[in-house]
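Work through the exercises below with the model in view. Each task is followed by its solution.

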Amino acid sequence: MVTKAIGVTVNGKGHELALPPKTPLLNVLRNDLELNGPKFGCGLGECGACTVLIDGVAARACTIPLAGVEGRHVTTLEGLGSEGAPDIVQRAFIEAQGAQCGYCLNGMIMMVKALLLRRPDAGVEEIKRELRYNLCRCGTHLEILESALLAATRLRQHG
Amino acid sequence: MDEARLTRASLLAESSLLAVVGADCSDPPNLADQATSLFLTVHGDGSVQAFNGHVDLGTGIRTALAQIVAEELDVAFERVSMILGHGGLGPDQGATIASETIQITALPLRRAAAQARRYLLELAAVELKVAPENLHVNDGTVSCDDGSNRFVGYGELLGNRHHLLRLTDDVALKPVEQHRVIGRSQPRVDIPAKATGSFTYVHDMRLPGMLHGRVVRPPYAGIDAGDFVGRSLIAIDEGSIAHVPGIVKLVRIGDFIGIVAEREEQAAEAAAALQVTWKPVPSLPDMDDLAGTLRANPSTPRLLEDKGDTPKALAEAARRHRRTYLWPYHLHGSIGPSCSLADWQPGGLRVWSGTQNPQVLRRDLATLMGLHEGQVEILRLEAAGCFGRNCADDVGADAALLSRAVGRPVRVQLTREQEHAWEPKGAAQLMEVEGGQDAEGGVTAYDFSVYYPSNGAPLLAAILTGAVSSTPTVLQMGDRTAIPPYDYANRHIVCHDMPPIVRAAWLRGVSSLPNSFAHESFIDEMAFEAGVDPIEYRLRYLHDPRAIDLVKATAERAGWTPRTSWGSAGSEGDILRGRGFAYALYVHSKFPGYGAAWSAWVADVEVNRKTGEVAVTKVTVGQDSGQMINPAGVKQQIHGNVVQSIGRVMKEEVSFTEKAVATKDWGDYPIITFPELPLVNVLMVDRQSEPPLGVGESAAVPSAAAIANAIYDATGVRFREVPFTPERIRKGLGIPEPLPAPSAEPARGRRSRGRLLGYAVAAAAAGIGLLSNFTPWRSAIEPVARPLPGVYSDATIERGRQLAAIGDCAVCHTADGGLPLAGGRRLETPFGTIVTTNITPDPDHGIGNWSYPAFVRAMREGIHRDGRHLYPAFPYGAYAKTSDADLSALYAFLMAQEPVAASPPETRLAFPFSLRPLLAGWNALFHDAATFKSNPEKSALWNRGAYLVEGLGHCSACHSPRNRLGAEVKGPDHLSGGTVEGWDAPALTALSLAPVPWTEAELFTYLRTGFSPLHGPAAGPMAPVIASLRDVSDDDLRAMAHYLADLRATRTSEAEAAEQAASLEARASTSMPPSLSQGARIYEGACAVCHAADGPTLWGSRPSLALNSNLQAARPDNLLRVILGGIDTPAYAELGYMPSFAAAFDDEQVAQLLSYLRSRFAPDQPAWTDLARRAGEVREILRHERLTRADGGS
């Protein structure tokens, strides 16, 4: 196997990773870059717990190899904001208590972030459609929806 | 929140400390004693740590417990941090089950906080020289009531010493009117860290030098009882993972197999590749006849209640009703597969775990590892919500065994498939009722029996390794809420205790949810029989005043209107509306147990009378939770229970093969999604002066009956089996099946590989007769020195590069992960495996010593420089058409590449194909070495396209059928579709099965980007071809598209094509709602996220299945290859990737999925038949291809 360094920008920082091109992006983010936001849920793209942004678009990191993001910008939950300075979407989820166990929370926030980047005026039906394939087992859907709507409202108010 | 790193030593080292310790510890208490458990500590800086034996399973008890402590200790909420389930320091309060934390295990903690406050006030009284009753406390600061400005903080009061208090029960708690923290909604303390990625779940725990482990489970998926369990492994082929780098150790103990590797994906790859031989797995009882299987499972009847004389009352009843209610197996379904980290040291074992039973796990691990309990330390970290006993404990044992085997810390995470298949299921349950009614319709007798096949699910590794017997124990847990809340005069209640049939343990609501389904369905039915409103009827038998209040309040909130017959809610078109009620007091724990919160539901549903789909549109839920510590948390739990239980009742059911659990992914096991959410109206009864009650499960308990009663109200039909899937509703309503039944005709389609080979052998032998006419041996062309750099101009080399791209030279002459053009790729042909050669300009291993004439001879005649015949897998038949100028440029390009001094393995075909001279005859029959002749009647563009498509592009090599000797068929069948490496290469002519005709523009887009919005992406062997075309100019691709579009008899305009596509999409989107069948549900759960037209915006393409020709093909092979093999090398990364579903779906599930896809997206085509068999064959072919690739030393 020929391994050449693969260049990728994660949360604004450039990395050269000498790993096999088929290494799952999720493993690279979690194990090599120690970014714990994205979670392993199914490995099949079915649940969305691993969602990150690739060049601003939501992506299932468990099904994408490192080679797929060569030369691209990857954003993880950590890249949006921190506990001290959360991003507008993170803040909305904290305020509206959009989590129970929180394992799916990464995916919910990243999907909402990607949607609002694209469509800041998204309404409730559009949010439901966008989150349809992100699974939550705790049944926190009502709070998650409320969080997403709060984020959208804030975004409209404050840009 | 660094609770995992807190130790006894760190506490002992503190200079100032107050600790409230367990009442059972030594007198006087000794903090250094390992047996001294802690409830509460106050520190010199005024901070407070509070301990509880229970853990937070994601429900927010960490926040509520801290509120209790802050209230009773009189400190600000922010000062309190909770240490939960700390095996070494906190109290052992058993497993976190039965919604007990707030109701039961918080009580000593609450007293501890009050006791600490009392003690600190006594200290302050001495310090400030006033009586304790003349002091007051505000956030840990004690002040005098005398108006003086004298105060002292809790931390200061401690001085430089340790104060140890044994927990007493004589301390008064604060009266409710003084509460300022309890009863106020408090935001959860964990969410900010969880929302920003800084929270440490057990999945995120890492240690220096940590390795990664994966386990390989036996084929008896989800079965942990029986003689064969732990005794089925025959052999492991260690060579099957020899190609995987980074493997540290393969561990086998009995039927336990684990692999430890340096990196996680290495362990995962090895676990997937490991070849293991197992003994045959015995059959399960008939899981399709669940009721029969439960009745037949050996059981011991246990009388729970015998009130009055039920047999007599039944005998005398005016009407008798026998009813059977059935509950399926459910998953806990944690979103994160269980994970654990273990660190084995000579002195003992530390395990980081997401367990709900740290104390039990500690004991179990000690037994498994042959340690004393004191040598095992469990560090509990949060995990994905579990709702009961999932695989969290099991994976801790897996990690422990692997860490011991390698002497380093090992992290193990289960796969989704393993978590689904092996988690101890929420058990199936059978409830049988015989009831009697008197002439007025009153219930006079209630004879109830429940069958519940579940136990505590012993640690899996202990059973697989043989450390613990695989003879199942029987737990008495089917009795939860088995006594109905209705005071019928004669009641006979029996629980049939029985061992599990498949691995099972408690799941939210345990046996209460099914038992209440039966109680509440039955009384509802009796009410309508009696012609009485079902709520009024219930109230006749309900004597618990809090229950009565709740029922009335919930009915009022919902605007309940009394009804005595079904259908009162009306209908609109095909939609029938209905409304149903149910009530339950969740009675749990060892029989007779005790109640948690009371709960009542009014459910509104809409039933589609044609499709059988049921939508729960609104739930009004009332709950009496006693004193609510954190009302926001209570509401969140009510919401969660309502939403989760609707999914369980409407959709969820574990499926089985004849031998094991079949459910391995979310496709086979759909849970509720956002578009299915009902409106939820929550009523929380104000009972703040009552004791607090558990709220973690209660609101789920009335769910099934409320919905079933609402469906009855809509349809007049009683449904007594969960889940209420469209199939079940259609059956109940007598609606004919809308899906066409799969045809029973035998498989049509292609000949098998074996027969093809037979034809080929015969034909090759025939070819030998022709040898005399042609020279089978050709002369070598003398080697030459490689042309010096500079001989060819940069422009020529650049033109050669583009030509090489059109010719796909690098596609075949580059191994997976190998150096470009260095050869080594294995091409599967009907005649055997051909290994491509090194065509870099290395003189010894490549073509560095080939003269230009030797190169031209190879390209036009298929002869190696040394005179050998090349196999026609090398498409010299097409390449021959290339002009001299282009061949010269191509030669220039190849000679300018970096030489690679390595030879791939030689091609060794079996006899007779090993005889290369036979190819002389083959060439005589089939080969035309003439160059391309342009067609003067056609345009220059057409001719350029034809030259490239038929020449260097060699499209026909894959897209034309071949005869028995492997030669392309010419004439009208030219480019009418072929096969390559097991893939169907579609017809490029009018015979194309593409649902929308290819236009020139779409062809260009496809060749340029690898994706046509009206057709789909390039996959399989076409993906690298597209990638190779990256270097080809737009002009040349346009020419190719122009020529290819002309192969069709009629041209379609762009507008017509777009219109056709839109109408096909519309037809597919409306033809079959996604919940109609198991295949439909698999599509919805596994495929739709990336393929549904209205799916979310995700990185990568969104290929439409309605427009994809693979759905239309005569045989399903391309689709099977994509589903089972995935797409890991798209033409361009931005097209996206597709995972392999081989581990998630068995052949039967693949068949269900493909039947559905075919009927939905290619309704005009005949159904595919024999799909499960073909899925198995393709699965085996793919496995073989993977092994071959691995052998190739890529």
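The exercises start with a sheet, go on to a helix pair, and end with the chain contact and a record.

This is a predicted model, in which local features need pLDDT of at least 70 and side-chain atom pairs count only at pLDDT 80 or more, while totals for chains, interfaces and linings use all residues. Residues are numbered from 1 along each chain as its sequence is written, and chains are lettered from A and ligands numbered from 1 in the order in which they are written.

**Exercise 1.** Find the order of the strands in the open sheet of five strands in chain B.

Solution. Strands (E, at least two residues) and helices (H or I, at least four) are DSSP runs, numbered from the N terminus. Two strands pair if DSSP finds at least two bridges between them. The order is E4-E3-E2-E1-E8 (chain B), and the pairing is mixed. E4 (80-84) and E8 (162-166) of chain B each have a single partner strand, so one side of each has no neighbour in the sheet. E8(B) pairs with strand E1 (residues 17-21) of chain B in the parallel sense, over five bridges. Within this pairing, Leu18(B) has His163(B) as its bridge partner in E8(B).

**Exercise 2.** Determine how helix H9 (residues 358-369) and helix H10 (residues 392-406) of chain B are placed against each other.

Solution. Axes are lines fitted to C-alpha atoms, for helices over the stretch in contact, and angles run from 0 to 180 degrees between N-to-C directions. The two axes come within 11 Å and cross at roughly 35 degrees. Residues are in contact if their C-beta atoms, placed from the backbone, lie within 7 Å. H9(B) contributes Leu361(B), Asp364(B), Leu365(B), Leu368(B) and Met369(B), and among the residues of H10(B) are Gly396(B) and Arg404(B).

**Exercise 3.** Which helix gives the most to the side of chain A that touches chain B?

Solution. The contact takes 69 residues from chain A and 67 residues from chain B. Elements of chain A that give two or more residues include helix H4 (105-118) and helix H6 (141-158). H4(A) gives the most, with six residues.

**Exercise 4.** Locate the feature "domain: Cytochrome c" that UniProt places in chain B.

Solution. The unreviewed UniProt entry places it at residues 795-898, 940-1048 and 1074-1161 of chain B. UniProt positions are given in the numbering used here, feature names are shortened, and annotations may be inferred rather than shown by experiment. Residues 795-898 of chain B are 40% helix and 8% strand, with end C-alpha atoms 18 Å apart. Residues 940-1048 of chain B are 41% helix and 9% strand, with end C-alpha atoms 19 Å apart.

Technical notes:
Contact = placed C-beta atoms within 7 Å.
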